[in-house]
Amino acid sequence: MAPNSAKFLFSNGTDDRVSLFDDGRVKVWSTTHLWSEMGRERHNALGETVLLGIGRTLDVPGPGDRRQACDAEFALTPELGHTVAATVAADNGTFVQFFHDGTIAVGNDGRDVATVFNAGREATAERGVNGVGGSVMVTFGGSYRPKTVRQSDYQVELSEATAPRPNRLYKDEFLVK
């Protein structure tokens, strides 16, 4: 996974996190499980969304301590199932929807999904639990910025002054299919 300090960090009240980078990428990550791409849909004429669900639970979870405070944390009520708990929207058209069942949708109102890079890392004797978990990096193609920003519970501004960094696997990281 390409390194970069997150411009904004969000949580769904569990060990799951979402980072919105200033270069336009979105990273969905967890220290307790891998992620599964559940599907993609075109939600309007210009935009596309990918839905990410909780995949295989890790035998040995990564550390749960938070090194960076979240910009916002949204509570889930699992009994409400697949309904939206909260939405984060960026001025470049990107949005993240947190669902009560733990799934997370990442989309853009003016761009198609360019790549979904799904990777994971297991605990080993050498590694311990550092860096363990699943992470999905979503990038969008194009540069269109909608005139109207989606209604949301939290709004952010992303400059996109630099091009997104290319995806790569770290040592002992694997692709999740």
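Predicted model: local features only at pLDDT ≥ 70, side-chain atom pairs only at ≥ 80, totals over all residues.
Stop 1: Select strands E4, E5, E9, E8, E7 and E12. They form an open sheet of six strands, in the order E4-E5-E9-E8-E7-E12. The pairing is mixed. Now look at the edges. Strand E4 (33-42) and strand E12 (154-156) each have a single partner strand, so one side of each is left without a neighbour in the sheet. Neighbouring strands here are turned by 20° against each other on average, direction ignored.

**Stop 2: E7 and E8.** Select residues 84-90 for strand E7 and residues 94-99 for strand E8. The two run antiparallel and are joined by five bridges. Pick Ala89 and look across: Phe95 in E8 stands opposite.

**Stop 3: E4 and E5.** Move to the E4 end of the sheet order. A hairpin of five residues links E4 to E5. Their pairing is antiparallel, over eight bridges. Select Ser36 to find Gly53 of E5 opposite.

**Stop 4: Glu48.** Stay on strand E5, which covers residues 48-57, and select Glu48. Is Glu48 buried or exposed? Glu48 is buried, yet has no salt bridge. The nearest side chain of opposite charge is Arg42, 4.4 Å away.

What lies 3.0 Å from a polar atom of the Glu48 side chain? The backbone nitrogen of Val113 does.

Last, show the surroundings. Beyond its neighbours within four places in sequence, Glu48 is in contact with residues including Arg40, His43, Val106, Asn108, Arg111, Asp112 and Phe140. Arg42 and Val113 are also among these contacts.

Methods:
Residues numbered from 1 in each chain as written. Heavy atoms only, no water. Helix = DSSP H or I, 4+ residues; strand = E, 2+ residues; numbered from the N terminus. Buried < 20%, exposed > 50% of the residue type's maximum accessible area, 1.4 Å probe, protein only. Lys, Arg positive; Asp, Glu negative; His and termini not counted. Salt bridge = Lys/Arg side-chain N within 4 Å of Asp/Glu carboxyl O. Polar contact = N/O pair within 3.5 Å; in protein donor to acceptor, adjacent residues only side chain to side chain. Contact = heavy atoms within 4.5 Å. Pairing = 2+ DSSP bridges. Axes fitted to C-alpha atoms, helices over the stretch in contact; angles between N-to-C directions.
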